[in-house]
Amino acid sequence: MSLLLRVLVHSADIQDRYGALLVSSRLAVDFPRLLTIRADGGGYAGRLVSWVLTTLCCLLIIIKRSDTPAGFQLFPRRWVVERTFAWLGGFQRLSKDDEQLPRLSETFIHIAMNHIVIRLSP
């Protein structure tokens, strides 16, 4: 059991929407029955939504924040991503971006998630 389907670490000069194309295409190969992908409102709107629908036959749901700041608001399923980032931030090796190779960062993310799953298991 894993809480993580796919990880892709890339350099900072690649925009999020292009990274999303790369990770989405990998998801479609590994999980052909995947029906829905959720993303925050970062940079994932526009052509990416239609590309995911036509190419991967998946629905990409963008969870955007409200335009009017009214204090704390709970957005559907967004907390799952934020919680996971908070869990990963608790691991010293992942708290800084010091790795030389992206593949090494991906490996440590997998190790951290396995540790989290073991810790959460009854």
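This is a predicted model: local features need pLDDT of at least 70, side-chain atom pairs count only at pLDDT 80 or more; totals for chains, interfaces and linings use all residues.
Student: Let's start with helix α2. Which of its residues are buried?

Tutor: Within α2, which spans residues 47-56, the buried ones are Leu48, Val52 and Leu56.

Student: What puts those residues on the same side of α2?

Tutor: They cover an arc of only 40° around the axis, so they sit on the same side of α2.

Student: Now cysteine 57. Where is cysteine 57 found?

Tutor: Cysteine 57 is in the loop between α2 and β2.

Student: How do you know whether cysteine 57 is buried or exposed?

Tutor: Take its relative accessible area, 60%. The cut-off for exposed is over 50%, so cysteine 57 is exposed.

Student: What makes the backbone of cysteine 57 worth a look?

Tutor: Its phi is positive, about 55°, although cysteine 57 is not a glycine. In general, most residues other than glycine have a negative phi.

Student: Let's go to strand β1, where isoleucine 37 has its place. Why is isoleucine 37 called buried?

Tutor: Its relative accessible area is 14%, and the limit is under 20%, so isoleucine 37 passes as buried. Beyond its neighbours within four places in sequence, isoleucine 37 is in contact with Ser24, Leu27, Val52, Cys58, Leu59, Leu60 and Ile61. Isoleucine 37 and cysteine 58 are 21 residues apart in sequence, yet their C-alpha atoms are 7.0 Å apart.

Student: Which elements give two or more residues to the largest nonpolar core?

Tutor: That core has 11 residues, including Ile37, Tyr44, Val52 and Cys58. The elements giving two or more are α1, β1 and α2, and α2 provides the largest share, three residues. Another core, of seven residues, lies apart from this one, with Leu4, Leu88, Ala112 and Met113 among them.

Student: On to the helix pair α3 and α4. What makes α3 roughly perpendicular to α4?

Tutor: Helix α3 (residues 78-89) packs on α4 at about 105°, with the axes 10 Å apart. Angles of 65 to 115 degrees count as roughly perpendicular, so that's what α3 is to α4. On the α3 side the contact is made by Thr84, Trp87 and Leu88, and on the α4 side by Ile109, Ala112, Met113, Ile116 and Leu120.

Student: How do the residues of that contact divide into nonpolar, polar and charged?

Tutor: Seven nonpolar, one polar and no charged.

Student: Last one: serine 105, in α4. How do you know whether serine 105 is buried?

Tutor: Same test: the limit is under 20%, and serine 105 has 16% relative accessibility, so serine 105 counts as buried. Not counting residues up to four places away in sequence, serine 105 touches Val9, Leu94 and Glu99.

Notes: Residues are numbered from 1 along each chain as its sequence is written. Side-chain values use heavy atoms; hydrogens and water are left out. Helices (H or I, at least four residues) and strands (E, at least two) are DSSP runs, numbered from the N terminus. Buried means under 20% relative accessible area, exposed over 50%, partly exposed in between (1.4 Å probe, protein chains only). Contact means heavy atoms within 4.5 Å. The arc is that of the directions from the helix axis to the C-beta atoms. Axes are lines fitted to C-alpha atoms, for helices over the stretch in contact, and angles run from 0 to 180 degrees between N-to-C directions. Angles under 35 degrees count as roughly parallel, over 145 as roughly antiparallel, 65 to 115 as roughly perpendicular and the rest as oblique. Ala, Val, Leu, Ile, Met, Phe, Trp, Tyr, Cys and Pro count as nonpolar, Asp, Glu, Lys and Arg as charged, and the others, Gly among them, as polar. A nonpolar core is a set of buried Ala, Val, Leu, Ile, Met, Phe, Trp, Tyr and Cys residues joined through side-chain atoms within 4.5 Å.
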